[in-house]
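Please examine the model shown below. The report that accompanies it is arranged by site.

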Amino acid sequence: MEINLQRMLNDLTTIVRYTRTPHNGCTRFSYSVEDRQARDYLLRQMKKLGLSIKVDGIGNIRAKCGKEIDQPSIMIGSHIDTVENGGKYDGLIGVLTALEIIRVLKEKKITLRRPIELIIFAEEEGSNFGVTMLGSKVLTGKYNGEDLKSIKNGSGNSVYDVAKDFGLTVDLIEQDIIREDEVDAMIELHIEQGAVLENQNKSIGIVQAIAGMKTFKITLEGDSNHAGTTPMDLRQDPLAAAATIIAHIKQVAKTTALPTTVATVGKISCQPNMSNVIPQKVEFFVDVRDVESKGVDLITKELMEKVNAVATEDKLQSEVELIGASDPIKLSSSIVHKIEETASTQGYNYIKMNSGAVHDAAMMTSVADVGMIFIPSMGGKSHSPDEYTKEEDIKWGGDLLLHVVNNLAAKTQEAY
Ligand code: HGY
Ligand code: MN
Ligand code: MN
């Protein structure tokens, strides 16, 4: 029994077309036109398979199949939203693999003791609102209706309003919170988004822990003035201050923090953003991660102290806001063992490893036993149009997940 790779690649080719930036990577934010196109395509495939489908108030899609549909499910899936100019595999390959597995089980007329549930999480990337894994955080009750009214995008629109405008039943999100008795196990197949598997020439990564992260929004406000007539010692320049803070955070992450600590500033805005004007106001986002909490805590402390010191010295107003946070998560040892047992029985070339990226699977650990399977990212590239995973690795990953699902759900087969 194996997945039909060509059929999966056909799905991939179709959905990759749903992007706001054709010829420059995939840009498919949740709640966008492109997202609607991808959702409609996938919902049509699920209907063809006769799945019982639910779209919840934040836009997560849950689709179940199996004889005893009310039994706790084996959940498989990922996300279909992307970053700006992202790659075509991040998230989507996990969703398409899950869909393909359900097709194969139906074709082989295998009725599993447990229902299989395909899940597509909304707003995993946080591209709209800056909060990663928003859909899975709402599904697992980490955010409520009031939170969704206070979290806003750059245009000042709240999650609540955007979800409502997208046609979602956002007022019912409290009823959508997933209960422990709904799901037995959850496994997310995902591209590694790093270079460990490629460097070690491995096809499969069995994830043991997922990094925790904090996202901060730093606002610095000074005194806008003429670039030519203002003496250097009279300036209150928030952009020069931001540069000092950003350089310091990079230095701390590289040297005094843990070897597993990473920190990034990937988004910054400057007003009035004119080359001959000393800026008035700067906003930038700091993304800090580590599989050890103390690494994140160390960078957090350094950030707070540096912002205070630089703001005082340069006579700036400053604000540090925590936009989003998730703890480092150890995945279920029983699921890791089940994946490893299946991988070694099937002769897979695998290693056990950690994830530097965050994933919805981490949020699901509060209600289920969770595992993750990684497949290689060529050149370790991701969140980039250059993201690439070899077809043979997609096949390895899909077949492994198919066998793990079968083993977990303890199939009762009617016919092969
Ligand atoms: O940022 C991440 O780790 C994930 O790709 N959202
Ligand atoms: Mn992802
Ligand atoms: Mn991503």
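The sections below treat the metal ions, the ligand pocket and selected backbone features.

## Basis of the report

This is a predicted model, in which local features need pLDDT of at least 70 and side-chain atom pairs count only at pLDDT 80 or more, while totals for chains, interfaces and linings use all residues. Residues are numbered from 1 along each chain as its sequence is written, chains are lettered from A and ligands numbered from 1 in the order in which they are written, and side-chain values use heavy atoms, with hydrogens and water left out.

## The manganese ion (ligand 2)

Three residues coordinate the manganese ion (ligand 2): H79 through NE2, D90 through OD and H190 through NE2, at 2.1 to 2.2 Å. Donors here are N, O and S atoms within 2.8 Å of the metal (3.2 Å for Na, K and Ca); water is not among the atoms, so sites may look incomplete. Along the sequence, the donor residues of this ion follow the spacing H-x10-D-x99-H. H79 belongs to strand β3 (residues 73-79), whereas D90 lies in the loop between β3 and α3 (92-107), and the two are 11 residues apart. Helices (H or I, at least four residues) and strands (E, at least two) are DSSP runs, numbered from the N terminus.

Both H79 and D90 are buried. In this report, buried means under 20% relative accessible area, exposed over 50%, and partly exposed in between (1.4 Å probe, protein chains only).

E125 counts as buried because its relative accessible area is 11%, whereas H383 counts as partly exposed because its relative accessibility is 40%.

How far apart are the manganese ion (ligand 2) and the manganese ion (ligand 3), and which residue coordinates both? The separation is 3.4 Å, and D90 coordinates both ions.

Ligand 1 is surrounded by E124, E125, Q193, R289, A357, V358 and H383; a residue is near a molecule or strand if one of its heavy atoms lies within 4 Å of it. A polar side-chain atom of E124 is 3.0 Å from a nitrogen atom of ligand 1. Oxygen atoms of the ligand also take part: one is 2.9 Å from a polar backbone atom of V358, and one is 3.0 Å from an N or O atom in the side chain of H383. The protein covers 94% of the 210 Å² of accessible area that ligand 1 has on its own. Such areas come from the Shrake-Rupley method with a 1.4 Å probe; for residues, only the protein chains shown count as cover.

The space taken by ligand 1 is the largest pocket. On a 1 Å grid over the protein atoms alone, a pocket is an open set of points with protein on both sides within 12 Å along at least five of seven lines, whereas a cavity is a set of points where a 1.4 Å probe fits but cannot get out; lining residues have an atom within 4 Å of a point. A molecule sits in either if more than half of its atoms lie within 2 Å of its grid points.

## Backbone features

Most residues other than glycine have a negative phi, and most peptide bonds are trans. N85, in the loop between β3 and α3, has a positive phi near 50 degrees. K315 has a positive phi of about 55 degrees and lies in the loop between α10 (293-313) and β13 (317-326). K315 counts as exposed because its relative accessibility is 59%.

The peptide bond from Q271 to P272 is cis, with omega near 5 degrees. P272 is located in the loop between β10 (262-271) and β11 (277-278).

## A contact of D176

D176 is part of helix α7 (residues 173-176) and counts as buried because its relative accessibility is 9%. A polar atom of the D176 side chain lies 2.8 Å from the backbone nitrogen of G57. A polar contact is a pair of N or O atoms within 3.5 Å; within protein, one must be able to donate a hydrogen and the other to accept it, and residues adjacent in sequence count only if both atoms are side-chain atoms.
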